[in-house]
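Visitor: I have a structure to look at and some terms to learn. Could you take me through them?

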Amino acid sequence: MTVIPIRTDSRSYEVRIGAGLLDTLGRAVCACTRAARCVLVSGENVWRLYGERAEQSLRGAGLEVFPVVFPPGEDTKSLARYGELLECMASCRLTRSDCAVALGGGVTGDLTGFAAATYQRGIDYIQVPTTLLAAVDSSVGGKTAVNLPEGKNQVGAFWQPELVLCDTDTLRTLPERELRAGMAEVIKYAVLGDPELFEKLRRREISEEEIIETCVRMKAEIVGEDETDQGKRRLLNLGHSFGHAVENRSGYRLLHGEAVAIGMAMICRAAAHLGCLSPEEAAAVVGLLQAYGLPTESPWPPEELEDAMLLDKKFASGKLSLIVPERIGACRIVPTAASELKGWLEAGYERSV
Ligand SMILES: NC(=O)c1ccc[n+]([C@@H]2O[C@H](COP(=O)([O-])OP(=O)(O)OC[C@H]3O[C@@H](n4cnc5c(N)ncnc54)[C@H](O)[C@@H]3O)[C@@H](O)[C@H]2O)c1
């Protein structure tokens, strides 16, 4: 087992990564919370595969467990499901010392985290990520949210978990498409700050556990310096500004990771076109995304994405922070006015790299 400490201003906790950790869930929850009861939140697919084991482990440690199972998919990250979850918590008579356990991917984690952040002004929660994307990214760092029809993650809170328990065995059942989508976030970390990871991915000389560990360490460092997205943490949005627009425009038919891959390819092309990144490196990023089976072209033209981007909650004082690669392993935050977006988007469509 690998243990990575996360230290933020609001809370310190561990990310545990290893095979077979699901059976240690109950003991781990009892060790890091004062809970007597918990809601165990999951999606239908994950519940079928791992629900019983998780529940047994929690009960075995003496906890009273209330399973809450939602349909799988992004639609579950809604105000309606959030309300349902809060009502379940209340009807199970969860108190402020009880907790919530999120067993699943980013959708389950974001929804459960937000409910935990707001139920009785905040209760403990534990992340048990079962997708690659959740393992390398969404389960760590305390960003929780649900979507509005107008856009992704429009309602949320920063609320750190008490523990992240990543049982790498659970990734064995992940559908191929989901695994590929998770690789988009992994490639994001490599472009952001780790040329060695980029090279290992290119040569396919890296194990899944090393991938997760490397990404979580990088996230731990960034979140430790900037818990609430005021500065450095914005770098983690590489590919997300265009990506969220693509995801929204697709009506969530594209997976989050697929949309991020398109967004990353677009920002690399734009950076190359505008002279910030060499065309060779832009081509290398696009090539790596494609090598991992990810899409790199937006089916929607710049003007359609521009409309979706203007809703981005990251617009502050009329500017959006675009994350622009300068080389593989180094990116820069570029404050961009709404009027400049079109130019970036159009440059992102240039097929010259
Ligand atoms: N909070 C953050 O910092 C952050 C960061 C990145 C992404 N996100 C959010 O994460 C969400 C995407 O998360 P995701 O990619 O994990 O998708 P997801 O949660 O929708 O899970 C993907 C699919 O895989 C299935 N699944 C999950 N684990 C499985 C397993 N072990 N075996 C078989 N099937 C399994 C699920 O049922 C679902 O159908 C988006 O809403 C995105 O906005 C949040």
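This is a predicted model: local features need pLDDT of at least 70, side-chain atom pairs count only at pLDDT 80 or more; totals for chains, interfaces and linings use all residues.

Visitor: What makes Val-29 count as buried?

Guide: Buried means under 20% relative accessible area, exposed over 50%, and partly exposed in between, with a 1.4 Å probe and protein chains only. Val-29 has 0% relative accessibility, so Val-29 counts as buried. Val-29 lies in helix H1 (residues 25-32). Helices are DSSP runs of H or I, at least four residues, numbered from the N terminus.

Visitor: Which residues is Val-29 in contact with, leaving aside its neighbours within four places in sequence?

Guide: Contact means heavy atoms within 4.5 Å. Val-29 is in contact with Leu-58, Leu-63, Cys-99, Val-101 and Ile-126.

Visitor: Why are the buried residues of H7 said to be on the same side?

Guide: In helix H7 (residues 195-203), the buried residues are Leu-197, Phe-198 and Leu-201. They cover an arc of only 105° around the axis, so they sit on the same side of H7. The arc is taken from the directions from the helix axis to the C-beta atoms. An α-helix has 3.6 residues a turn, so residues three or four places apart point the same way. Glu-196 and Arg-203 are exposed on the other side of H7.

Visitor: What covers the buried residues of H7?

Guide: The cover includes helix H6 (176-193), helix H8 (208-225) and helix H11 (279-291).

Visitor: Why are H9 and H10 called oblique to each other?

Guide: Axes are lines fitted to C-alpha atoms, for helices over the stretch in contact, and angles run from 0 to 180 degrees between N-to-C directions. Under 35 degrees is roughly parallel, over 145 roughly antiparallel, 65 to 115 roughly perpendicular, and the rest oblique. The axes of H9 (residues 240-249) and H10 (residues 256-273) cross at roughly 130° and come within 7 Å. H9 and H10 are therefore oblique.

Visitor: What makes H6 and H10 oblique?

Guide: H6 and H10 pack at an angle of about 40°, with their axes 7 Å apart. H6 and H10 are therefore oblique to each other.

Terms used:
Residues are numbered from 1 along each chain as its sequence is written. Side-chain values use heavy atoms; hydrogens and water are left out. Helices (H or I, at least four residues) and strands (E, at least two) are DSSP runs, numbered from the N terminus.
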